[in-house]
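Colleague: I have a few questions about this model before I set anything up. Can we go through them one at a time?

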Amino acid sequence: MALASLIEALLTMEAAALAAVESASDSSGLEQVRVEYLGRKDGRISGILRRLGEIDPEERPAVGAEANRVKARLQEELEAREALLGDGGSAEAAQDLSLPGRRGWTGGLHPVTRVLDEICAIFAGLGFTRARGPEAETEWYNFVALNTPMDHPAADEQDTLYLQGGGLLRSHTSPVQIRTMEQYRPPIRILAPGIVYRRDAWDATHAPGFAQLEGLVVDEGVTFVDFKATLAEFARRFWGEGTRVRFRPSFFPFTEPSAEVDVKRVIRRPDGTVHETDWLEIMGAGMVDPAVLENVGIDPERYSGFAFGMGPGRIAMLRYGINDIRLLHDNDVRFLGQFTS
Ligand code: 2U9
């Protein structure tokens, strides 16, 4: 027997042994493979080594070395497969069913969209529908119809971007309410969500374009009580039953009287202790100024109403503890990915 044929026998056997390890599905299968190949008495490697006598003495060390390599390799593969099959000793037990599943990447709604939808859903429950209008507006719809002549200081405060030909980008969604009142007779209960524009530079609390959400109610016999009760009910549905609401006197050209609305969250912890947040400003609001109703041909002697405006971006920042408005505009999935669910 030549040296080459013994080495070849070892290599053929090695390939068969490795295939047998690979297809073993439990510990007892692996043990069978071990005995068949590595067994001291009847193992196939021992069988090959027993034939060493058939070759020249000086060639025997080369075969011995190759046999040792194959033994070591096989031992290693047996141990690796045993570890893979796990303590339970079978391919099925190797699947740890308590591990969390691997989820694929999914998109999610932007935090501002979430807050906006949630607010709209609450007001939908109070009888409001959604209304939309153009972002490119006229001075009439954005300012003048809203009782804000162009030389009024409030027009300066809401300085916006002007378009060639006299148009402008709306600085609030109030023009949507004017257009709705022109088109529909009361009763009116609408929400006007949308993007608005200001001549502001970017910083942590300002953006030149941002989402706004305004609401308008016009009907016969709408009073300050309806106004306060509606907004307080909204606040309790959004922030929780125990939420307190405060109306601070303010001024807007299109409402009279006007108010800033604040909420204070009262959080009852499971251990019975109560935590109160600071007062948080959430919106501006007021009774619709009679001059605004007159501007759209609604008789202020017969009809009255209230209106409010809020920034869903600001509300999202309060809710999620976001400290820089620019995070809402960057479209960075490392930030936005925290709001998927
Ligand atoms: C009509 C009549 C009245 C809408 C109102 C506010 C008060 C207000 C701000 C909140 C934060 C804008 O997003 S913000 O910067 N809005 O304070 N808005 S009353 O009043 C109207 C609107 C339309 C016809």
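Colleague: How far apart do the C-alpha centres of domain 1 and domain 2 lie?

Modeller: This is a predicted model. The assignment gives domain 1 as 3–94 and domain 2 as 111–339. Their C-alpha centres are separated by 78 Å.

Colleague: Which residues of the largest nonpolar core touch the most other members?

Modeller: The core has 30 residues. Elements giving two or more residues to this core are α5, β5, α9, β7, β10, β11 and α11. The members that touch the most others are F123, L231, F234, F308 and M310.

Colleague: Take F123. Which residues is F123 in contact with, leaving aside neighbours within four places in sequence?

Modeller: Contact here means heavy atoms within 4.5 Å. On that basis F123 meets F128, L191, T230, L231, F234, F308 and M310.

Colleague: Which residues in helix α11 are buried?

Modeller: Helix α11 covers residues 312–320. Its buried residues have cover that includes α5, β5, α9, β10 and β11. Just after the helix, G321 takes a positive phi of about 65°. Under the 20% relative accessible area cut-off, the buried ones in α11 are P312, G313, I315, A316 and M317.

Note on methods. Residues are numbered from 1 along each chain as its sequence is written. This is a predicted model: local features need pLDDT of at least 70, side-chain atom pairs count only at pLDDT 80 or more; totals for chains, interfaces and linings use all residues. Side-chain values use heavy atoms; hydrogens and water are left out. Buried means under 20% relative accessible area, exposed over 50%, partly exposed in between (1.4 Å probe, protein chains only). Helices (H or I, at least four residues) and strands (E, at least two) are DSSP runs, numbered from the N terminus. A nonpolar core is a set of buried Ala, Val, Leu, Ile, Met, Phe, Trp, Tyr and Cys residues joined through side-chain atoms within 4.5 Å. Domain bounds come from an automatic or database domain assignment.
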